[in-house]
Amino acid sequence: MNDIINSILEKNKDSAKEGDYVKDDILYCGKCNQPKQCIKEFPIGSGTMRNFPIICKCDIDEEEKYKERMRRQKWDEYVKQLYRQGLTDKAYLKNTFENDDNRNPGITYFCKKYVESWQKQKEHNNGVLFYGGTGGGKSFYACCIANALLKKGVKVFVSRLSDLVKNQTKNDTTDVNLNLFDLIILDDLGIEKATQTAYNIIDDIYRSDIPLIVTTNLMPTELKNPDSIEKERIYSRVIEMCCIVQKVDVKVSRFQIAKSKNKQALQDLNI
Ligand SMILES: [Zn+2]
């Protein structure tokens, strides 16, 4: 009997694992107790019976785990690529909900709601304007949204408008095609010169129906009544795109929603 067992194990040494055993001349899995072999006549008509390997439950489970690992690996690579394309400044990476010091619970709550309801925000093209003085965390909160959505596989692009203008003016070959993104975040609006290039970038975003999030030190009144026609052309587009207006300050935070989209935006946020 031992000879038979040994010969079966030898013949199937690739599929036999520690703990496997032989019963009725067939190899069984020591883990799930399912047969790892079947006996068939081969060649047909020869009268010779041979053992052929078959798969047990563990093999199926292992295959599924392997496939899942591959899926996960592919997904991680995809997200890494999104990060490379979307975050122009590595400093933005640190701005995540995990690193939030909860200095502004109202804004955190809003940002999380925006991420949660992303599909609706995208569908209705609901942009956000974060304004307020330095130190309140406007860029931080905007990037919290960016990082959370990037992790979900959303194509987010974060940059300063001034940097985009610089790249376009240089005719940089690494120039980005903003139309490829699902959400655009322009950090620190107002530090750029109100050039034709700056206007063209804003106008492209406006025409592409991609939601826009803007952070700025400028007050809404300054955005609405700038000191030049060039600025007005840019800011009026921005105001139109950012229907949700958030004041982010060191101490106070509140948000309001522009009247034109009031009901829809509130409904989308589920607040
Ligand atoms: Zn098994």
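Okay, salt bridges to begin with: searching the whole structure turns up 13 of them. Keep in mind that this is a predicted model. As a reminder, side chains of opposite charge can pair when their charged atoms come close.

Let's take Glu62. Which residue does Glu62 form a salt bridge with? The partner is Lys17, and the closest N and O atoms are 3.8 Å apart. Now find the two in the chain: Glu62 sits in helix 2, while Lys17 is in the loop between helix 1 (2-11) and strand 1 (21-23). That's 45 residues apart, so this pair links distant parts of the chain.

Next up, Asp89 and Arg160. They form a salt bridge, again with 3.8 Å between the closest N and O atoms. Asp89 is in the loop between helix 2 and helix 3, and Arg160 is in strand 6, so the pair ties together parts that are 71 residues apart in sequence. Asp89 comes out partly exposed, with a relative accessible area of 26%, and Arg160 counts as partly exposed at 23%.

One more pair: the side chains of Asp182 and Lys122 meet in a salt bridge, 3.6 Å from N to O. Asp182 is in the loop between helix 6 (161-169) and strand 7, and Lys122 is in helix 4 (residues 118-123), 60 residues apart. Lys122 is partly exposed, at 34% relative accessibility. There's also a network here: Asp89, Arg160, Asp163 and Lys166 are joined into one by salt bridges that share partners.

In soluble globular proteins, nonpolar side chains tend to be buried together. How many residues does the largest nonpolar core have? It has 35, and Tyr114, Phe130, Ile145, Val156, Leu183 and Ile213 are the ones with the most contacts inside it. Several elements give two or more residues to this core, including helix 3 (105-116), strand 5 (128-131) and strand 7 (183-189). Which helix gives the most? That's helix 5, with 10 residues. The core also draws at least three residues from each of domain 1 (1-86) and domain 2 (87-269).

Have a look at Ile213 on your screen. Leaving out residues up to four places away in sequence, Ile213 touches Tyr114, Val128, Phe130, Ala142, Ile145, Leu183, Ile184, Ile185 and Leu186. And apart from this core lies another, of 27 residues, with Val165, Leu189, Ile201 and Ile210 among them.

Technical notes. Residues are numbered from 1 along each chain as its sequence is written. This is a predicted model: local features need pLDDT of at least 70, side-chain atom pairs count only at pLDDT 80 or more; totals for chains, interfaces and linings use all residues. Side-chain values use heavy atoms; hydrogens and water are left out. A nonpolar core is a set of buried Ala, Val, Leu, Ile, Met, Phe, Trp, Tyr and Cys residues joined through side-chain atoms within 4.5 Å. Buried means under 20% relative accessible area, exposed over 50%, partly exposed in between (1.4 Å probe, protein chains only). Helices (H or I, at least four residues) and strands (E, at least two) are DSSP runs, numbered from the N terminus. Domain bounds come from an automatic or database domain assignment. Contact means heavy atoms within 4.5 Å. A salt bridge is a side-chain nitrogen of Lys or Arg within 4 Å of a carboxyl oxygen of Asp or Glu.
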